[in-house]
Amino acid sequence: MITHGISANLALDQEINRRRACGERLLHLGFGEARLPVHSGMVEALLAGAHRRAYGPVAGDEAARAAVAGYFGRRRLPTEADQVVLAPGSKPLLFALIAAVDGDVLLPRPCWLTYAPQARLLGRRVFWVDVPAECGGVPDPDLLASAVHRARAEGGSPRLLIMALPDNPTGTTAPPDVVRRICDVAGAYDLVMVADEIYRDLAHDPDRDYLSPAEVAGDRTVITTGLSKTHALGGWRAGAARFPAGARGELLRSRVLATASEVWSSLAGPVQSVVEYAFGEPRDLADYVRAGARMHAAATRAVHQVLVLAGADCRAPSGGFYLYPDFRRLAGDLARQGVHDSASLERELLHSCGIAVLGGHHFGDDPAALRFRAATSLLFGDEPEAYREAMEADDPMGLPAAKDALRQLADGLARLTD
């Protein structure tokens, strides 16, 4: 059981907001929240659904599920409404999926900080598999089979593999050849896979090849997604899962629905109206999503450049709004500042440099490594209008708030090793 408090990213966000309210000037790179202005069509959909006060079907309204099915169909994944489950965010769906699979959990290292705590809350053991050099979010295919054998030798029963494409925390996307190799190993060892694709529509290059594990191993892959990242609706809590067709998918879906019926009952009626509208992808909303993706790409690339110039090794970002720098080359300089691991690096950046990040230890990484996650989604300030301007700008990073944030980051990193 977890006893150390609320999730690290939520705790940090609350702390930074408190300190900012007291007048501290802090650069917040610790929280991955998209603060885009809410699209007017989603507001209208929410208002149109405001009369829906009754409990709905546990899986979600059929029209909303059909819209989600259509969304996946447009992404080379033919889907029926009965393969979809809606929930108040993707987090409860992930929790219910872990509960639905009888066995332990394999996770890429590093990975989003919620997967492992959810598994442990359910009494599942967690087995880590390092990510490949070229990307995060997925286990190294060359290490996955040996990790399964090792887990079994230790008395574990690994049955579920969770991945993220694109990834949080590294901001990278597994290429198709890596996805195919992982699916081959998963098939050989009869693993159920969960592909967390909540950042899929925030690809920095829309022409980049993207392959979902569900396209390769459709009979064993569940996809989770939601509206918090692409549509900046984190507070509205709207998540969706796509289950495989066939017996395995039906069993998993029925188990998730059993959990849902006892935990969240159904997605709020007004939000189901939003789901139906958003996943229907009307043209103006699709343009809004693409504009947000362009803005996030510009911010992440600019921060990547600052980190590399400061001496970090860092994978180039390809999706979402995260970076995962490694400062091992500056270990000697950092040691003289009392920084010896990711926890002390996180503390030093906040207290001496005014930069809030989350150390790699929160993501299952080696605590001794000098790595952290930087979220770039809050660089444009706190007001929705600032993000609207950034979405419409030819050069979002030329805006005053973004330029100031980059200077603050560069100056703080310079102080870190001075």
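**Ground rules.** I am working with a predicted model, where local features need pLDDT of at least 70, side-chain atom pairs count only at pLDDT 80 or more, and totals for chains, interfaces and linings use all residues. Residues are numbered from 1 along each chain as its sequence is written, and side-chain values use heavy atoms, with hydrogens and water left out.

**Entry 1: the sheet.** I looked up the strand order and found an open sheet of seven strands, S2-S8-S7-S6-S5-S3-S4, with mixed pairing. Helices (H or I, at least four residues) and strands (E, at least two) are DSSP runs numbered from the N terminus, and two strands pair if DSSP finds at least two bridges between them. At the edges I have S2 (84-87) and S4 (126-130), each pairing on one side only. Neighbouring strands are turned by 25° against each other on average, direction ignored. For angles, axes are lines fitted to C-alpha atoms, for helices over the stretch in contact, and the angles run from 0 to 180 degrees between N-to-C directions.

I then checked S5 (158-164) and S6 (192-196): they run parallel and are joined by five bridges. Leucine 160 stands opposite valine 192 in S6.

**Entry 2: helices on the sheet.** Contact here means heavy atoms within 4.5 Å. H3 (62-73) lies across S2, S7 (221-226) and S8 (239-242), at about 115° to S2. H6 (141-153) lies across S3 (104-109), S4 and S5, at about 155° to S4.

**Entry 3: aromatic pairs.** Rings of Phe, Tyr and Trp (its six-membered ring) pair if their centres lie within 6.5 Å; planes under 30 degrees apart count as stacked, over 60 as edge-to-face and the rest as tilted. I found nine such pairs in the structure. Tyrosine 71 and phenylalanine 72 are edge-to-face, 5.2 Å centre to centre with 80° between the planes. Buried means under 20% relative accessible area, exposed over 50%, partly exposed in between (1.4 Å probe, protein chains only). Tyrosine 71 is buried at 5%, and phenylalanine 72 is buried at 1%. Ring pairs link Tyr71, Phe72 and Phe279 into a cluster.

**Entry 4: the domains.** The domain assignment (automatic or from a database) gives domain 1 (8-31 + 285-417) and domain 2 (40-281). Their centres, taken over C-alpha atoms, are 26 Å apart. I noted 27 residues of domain 1 in contact with 35 residues of domain 2. The two domains bury about 2500 Å² between them, 61% of it on carbon and sulfur atoms; buried area is the accessible area (1.4 Å probe) that two parts lose on being put together, summed over both.
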